[in-house]
Amino acid sequence: MTASLEVDGLTIASGGHKLIRDVFFTVRPGVPLTLLGESGSGKSLVVQAIMGTLPAELSVTGRVVLDGKDILGTDRRALWGRRIGLLPQEPWLALDPTMRADGQVAEVYRHVRGLPWSQARQSGRARLRELGLEAASRRYPFQLSGGMCQRVALAIARAAETDLLLADEPTKGLDRALRDDVANGLKAEADRGRSLITITHDVAVARVLGGKVGVMLDGAMVEYGPAGSVLDSPRHDYTRQLLMADPSAWAPRKPLAPRDTVIEARGLTKSFGGVPVIEDVDLDILAGEVVALLGPSGSGKSTLGNLLLGLLRPDRGEIRRKAGLSPLRFQKVYQDPPSAFAPHQTVRTAFADLAKRHGLDWKRFVPLFERFRLSSGLLDRRPGQLSGGELQRFALCRVLALEPAFVLADEPTSRLDPITQREVADLLHELAAEHGLGVLMVTHDHAMARNLAGRVIELRSAEPDASSPGGVTAPA
Amino acid sequence: MAISIQRQTGRLLAGRAMQAVTVAGLVGVLSFALVRMLPGDMALRIAASRYGPDLLSGTAADDVRAELGLDQPLALQLADWLGRLVRFDLGNSLVSGQPVIDELAVQLGYSLWLAGFALALSVAMAVPIGLIAGLSAGRWPDRAALTGAILLRALPAFVTGLCLIILFSVWLGWLPPAGFGTWRELTLPALTLALGLAALSSRVVRDSMVAVAASPYFAFARVKGLPERTVVMRHGLRNGAIPVVSLLGLQLIYLVEGVVVVESLFAYPGIGHALVHAIFARDVPMIQGTALVMGLVFVAVNMLVDLACAALDPRQAAR
């Protein structure tokens, strides 16, 4: 059996405000559909409308037709896992932390497809084996890497064998190599004759999948057509911007002029639970330069940064900071902006507290807000009411108000959509040029590292079970 | 991985065994020191308990002093007590003359009954209240449960106990205010303890429930197509139970001190009651034995809690 899905005139409104306007597309077996757009463009609402998991306070109109039957407004729970499957965002959070991988696959056979346990377990292991996860089947999610968790989720989706498969931001939080891996895995699902809808802000994923592409902006579909024509000869301005925002398309930058050393490390070594993570690393960061720290997940990038800032203590080795600088002038920008702000207080309160704590004048913040295009109306919102990009810019203001000499930016753009990502990258580069800030940027995006940084440092080691510890391989 | 988890469990058990030895040593020395710091003549108080205040005389006290070696240097007395402790000899009660270990065996059994009943009652209250509060998070049932929990936890056990006596024994006349024998006598002391326990654990059940219901793995389990019952049974209960079980270790502190107060209040012949009486009578071996057994029970139950947590949560077992 195969499934075809037709979405027509889908409109979702909250009160009088339309979040999604007249979205339309069709999906057929073997022709995957990719919805491209940045966070806040309403892509995830479309998935929720298909699944039937929209919050009750939103009103929906239009048609969602599965195999000739309009399912919008009906209770779709009986279709889940039988006709419609979902590949969740960030599978390392979506897998049950207290159940082994094989159990989470086998239960689909047992409780959805009604096989006896012995057969269910066998089939579950077979799905994991197909995806190269034989060794991982008796492990718990916390013992698996992000990429392995993603493959376990794919095994679960395969076990259900739903004809329609929705993938919601399947590459969020994964590095480039894993991203291609996931995109190819999804492509294989489509080639097996399943109907596939993928939601992503990653143009590279859309390219791998092929089929059809819909580009979403502010809840509307601004461009829709075959992947080849949309991605190679975009007609809409926004699509062009989106394509240009990919780090591989960034224009080369003017080289920076580094000065004296701000912070240096010699022979840094750190292990966790007997497993060496950082071994004998030497590092210098100069004032006015951007250094990129690359490496796969688990290679100790964040650990190295935290050692430099003194947030962790090294087992061996030493860190020397430029003399005469207060520790406050060594700052960090965090990966996940929402979790770097207290959720219950407005941004204005957060900044007022900062001013009070450090004896700063509010006037110090004003030019920073202007520089980062943060209007004063945003100050009275809580973190939950701001976008990731706005919050990350506030986070940068907060750090810059302390006039840092060195900033550790720990994947500052990985949770941001491409256009915001580019803005933040531009800002960091400008600050290094203008203020002589030394920036160590942790990232897993090679293209961005090459574009932004004067020097690239790469840490090796990948899977948690790999034995080789992180070390510097290629100072470029 | 499985092997390393077993090794971790072994390490955990070895750690707790070390802790038991340390607790025994510390409690042994502390109880010895504290009893001797109490004001008044120890021999006199013991003689008074043994022969009654009417027959009390200076000679009787001197006899007691000589008999128990209380005139010996303190260091010698301590060495003697620790030496016997190593041989598992807790000595005889100075008042009744019975071996301490025999008296404790009976009283500890009664106390464990009381504590176990209190724990069961607290679970019976905390789980439904916590679930209801969790499902209505932020609305009035949740707030009401929070207010009740703060009030009950803020009250010392003897105040709660007195309130229950006034309500159920004096006004309603349903249950006896003191005594021992049937479930009727057990109910009020157990309820007193259970209310204090449930005040805290109902909040933890509530928070845990809210966290699990909002978790991505709970949502994913539904989307997989599992029936709601299976979602809750396979993915909800175990994850939800982890913080609740972890809390039990802390709740024991409340239970141990609660047992002392509540048993005295309700004249329940358990180990807490025995401890209070032994202190009045300066029955040194009984005080030392009781404190020791309470300390060891505490370590043992904490070990059980650790094992239960490790069994529930593989992340803890691997840590």
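## A loop residue in chain A

A:Glu411 sits in the loop that links strand E16 (406-410) to helix H14 (418-435) of chain A. This is a predicted model, so take that placement as the model's version of things. The backbone does something to look at here: phi of A:Glu411 is near 45°, a positive value in a residue other than glycine. Most residues other than glycine have a negative phi. Is A:Glu411 buried or exposed? With 22 other C-beta atoms within 10 Å, A:Glu411 is buried, because the cut-off for that label is 20 or more.

A:Glu161 also has a positive phi, near 50°, and again the residue is not a glycine. You'll find A:Glu161 in the loop between H5 and E7 of chain A. A:Glu161 has 17 other C-beta atoms within 10 Å, so it counts as partly exposed.

## Chain A as a whole

Chain A has 15 helices and 18 strands. Its radius of gyration is 24 Å, close to the 23 Å that the globule rule gives for 476 residues, so chain A is as compact as a globular protein of that length. Along the principal axes, the C-alpha atoms of chain A fill a box of roughly 70 × 50 × 45 Å.

How much of chain A is buried? Of its 476 residues, 47% count as buried. Among the contacts in chain A with a separation of 6 or more, 70% come from residues 24 or more positions apart.

Where the two domains of chain A touch, 15 residues come from domain 1 and 17 residues from domain 2.

Sorted by class, the side of domain 1 of chain A that touches domain 2 of chain A has four nonpolar, seven polar and four charged residues.

Which strands pair with E8(A)? One is strand E3 (residues 33-36) of chain A, which runs parallel to E8(A) and is joined to it by four bridges. In that pairing, A:Leu35 stands opposite A:Ile199. Another is strand E7 (residues 164-168) of chain A, which pairs with E8(A) in the parallel sense over five bridges. Here A:Leu164 stands opposite A:Ser195.

## Where chain A meets chain B

The two chains touch through 23 residues of chain A and 21 residues of chain B. On the chain A side, the elements giving two or more residues are helix H2 (91-94), helix H3 (101-112) and helix H5 (146-160) of chain A. H3(A) gives the largest share of that side, four residues.

What kinds of residues make up the side of chain A that touches chain B? They divide into 13 nonpolar, four polar and six charged.

## Looking over chain B

For chain B, an unreviewed UniProt entry carries the annotation "domain: ABC transmembrane type-1" over residues 108-305. In the model, residues 108-305 of chain B are 84% helix and 0% strand, and the end C-alpha atoms lie 20 Å apart. UniProt (unreviewed entry) also places the feature "transmembrane region" at several spans of chain B, including residues 12-35, 112-138 and 150-174. Residues 112-138 of chain B are 89% helix and 0% strand, with end C-alpha atoms 37 Å apart. For residues 150-174 of chain B, the figures are 80% helix and 0% strand, and the end C-alpha atoms are 27 Å apart.

One more helix is worth a look. In helix H2 (residues 42-51) of chain B, the residues B:Ala43, B:Ile46, B:Ala47, B:Ala48 and B:Ser49 are buried. Part of the cover over the buried residues of H2(B) comes from helix H3 (58-68) of chain B. After H2(B) comes B:Gly52, whose phi is positive, near 85°.

Technical notes. Residues numbered from 1 in each chain as written. Chains lettered and ligands numbered in written order. Predicted model: local features only at pLDDT ≥ 70, side-chain atom pairs only at ≥ 80, totals over all residues. UniProt positions renumbered as here; feature names shortened; annotations may be inferred. Rg over C-alpha atoms; globule rule 2.2 N^0.38 Å. Buried ≥ 20, exposed ≤ 12 C-beta atoms within 10 Å, placed from the backbone. Contact = placed C-beta atoms within 7 Å. Nonpolar A, V, L, I, M, F, W, Y, C, P; charged D, E, K, R; others polar. Pairing = 2+ DSSP bridges.
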